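Hi,

Here is the structure I said I would pass on. Have a look at it first, and my notes on what turned up follow below.

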Amino acid sequence: MNTKRIAIFASGGGSNAIKLLDYFEDSKNAEVVVLLTNNERAGVLDKTVDRVDQMIINNEGANDGEFLVESMKELGVDFIVLAGYLRKIPNELIQAYPERIINIHPALLPKYGGKGMYGMNVHHAVFANKEKESGMTVHLVNEVYDDGKILAQYKVEIAPEDNAETIQKKVLALEHQYFSEVVENYIQNH
């Protein structure tokens with residue numbers, strides 16, 4: 001079986017990107033070949049500098065679908081995994097990688113998805129609406145924000161004393177526990 005080549009796209013601190021790197025470090029099924037970010041000050045860069053090739057682009061590059069397709073093809077990338085990447089994926093890249101772009105979302109989609117629904121924005125909305133549970137969703141990326149086919153969801157209960165910050169911590173723990181495994185299971189079968 002050929003080893004699948006993964007590109008991780010991240011914009012921030014990159015805790016999920018680190019978990020993916022750790023998970024696939026000794027994998028025979030997949031290897032992370034590049035970490036792409038649209039943020040030259042992203043915390044993930046310092047944390048991964050000696051672990052994986054890095055590609056830093058600006059927001060213009062992030063919007064340039066042809067450039068991204070060409071870059072990924074040159075690197076022989078089979079799958080793209082979004083780990084806190086805060087740019088919309090251009091249609092050209094989605095069409096070049098149909099059902100091969102995987103995203104993680106810090107809520108139970110379809111609730112709390114869409115433009116502007118990322119990071120603490122999601123957790124504040126969940127808290128404000130007095131939800132009894134939240135969680136994380138791993139899904140494929142299509143042309144609409146947070147609308148692609150759901151691959152997996154994991155739930156966590158929200159206690160009466162929870163706030164947006166404690167909800168975020170609970171959801172992040174789920175992400176760290178399950179995201180890499182969901183990615184591996186999906187790419188093994190595609």
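This is a predicted model: local features need pLDDT of at least 70, side-chain atom pairs count only at pLDDT 80 or more; totals for chains, interfaces and linings use all residues.

α6 passes α7 in a right-handed crossing (right-handed if the near helix is turned clockwise from the far one by less than a right angle, left-handed if anticlockwise). The packing angle between helix α6 (residues 119–128) and α7 is about 120°, and their axes lie 8 Å apart. Axes here are lines fitted to C-alpha atoms, for helices over the stretch in contact, and angles run from 0 to 180 degrees between N-to-C directions. On the α6 side the contact is made by M120, H123, H124, V126 and F127, and on the α7 side by A164, E165, I167, Q168 and V171; contact means heavy atoms within 4.5 Å. Sorted by type, the residues of this contact are six nonpolar, three polar and one charged. For that sorting, Ala, Val, Leu, Ile, Met, Phe, Trp, Tyr, Cys and Pro count as nonpolar, Asp, Glu, Lys and Arg as charged, and the others, Gly among them, as polar.

Residues are numbered from 1 along each chain as its sequence is written, and side-chain values use heavy atoms, with hydrogens and water left out. Helices (H or I, at least four residues) and strands (E, at least two) are DSSP runs, numbered from the N terminus.

Now α1 against α7. They pack at about 50°, with axes 9 Å apart, and are therefore oblique to each other (under 35 degrees is roughly parallel, over 145 roughly antiparallel, 65 to 115 roughly perpendicular, and the rest oblique). This crossing of α1 and α7 is right-handed. α1 brings S15, N16, K19, L20, Y23 and F24 to the contact, and α7 brings L172, E175, H176, F179, S180, E181, V183, E184 and I187. By type, the α1–α7 contact holds seven nonpolar, four polar and four charged residues.

F24, in helix α1 (residues 15–24), is worth a click. At 3% relative accessibility it counts as buried (under 20% relative accessible area; exposed is over 50%, partly exposed in between, with a 1.4 Å probe and protein chains only). Beyond neighbours within four places in sequence, F24 touches I6, A30, V32, S180, V183, E184 and I187. The buried residues of α1 are N16, A17, I18, L20, L21 and F24, and their packing partners include β1 (4–9), β2 (30–37) and α7.

On to the cores. The largest nonpolar core has 38 residues, with I8, F179 and I187 making the most contacts inside it. A nonpolar core is a set of buried Ala, Val, Leu, Ile, Met, Phe, Trp, Tyr and Cys residues joined through side-chain atoms within 4.5 Å. Helix α7 (residues 164–188) supplies the largest share of this core, eight residues. A second, separate core of 21 residues includes I57, V77, Y85 and I94.

The peptide bond from L109 to P110 is cis, with omega near 10°, and P110 lies in the loop between β5 and α6. Y112 is also placed in the loop between β5 and α6; its phi is near 60°, a positive value in a residue other than glycine. Y112 is buried, at 14% relative accessible area.

Cheers
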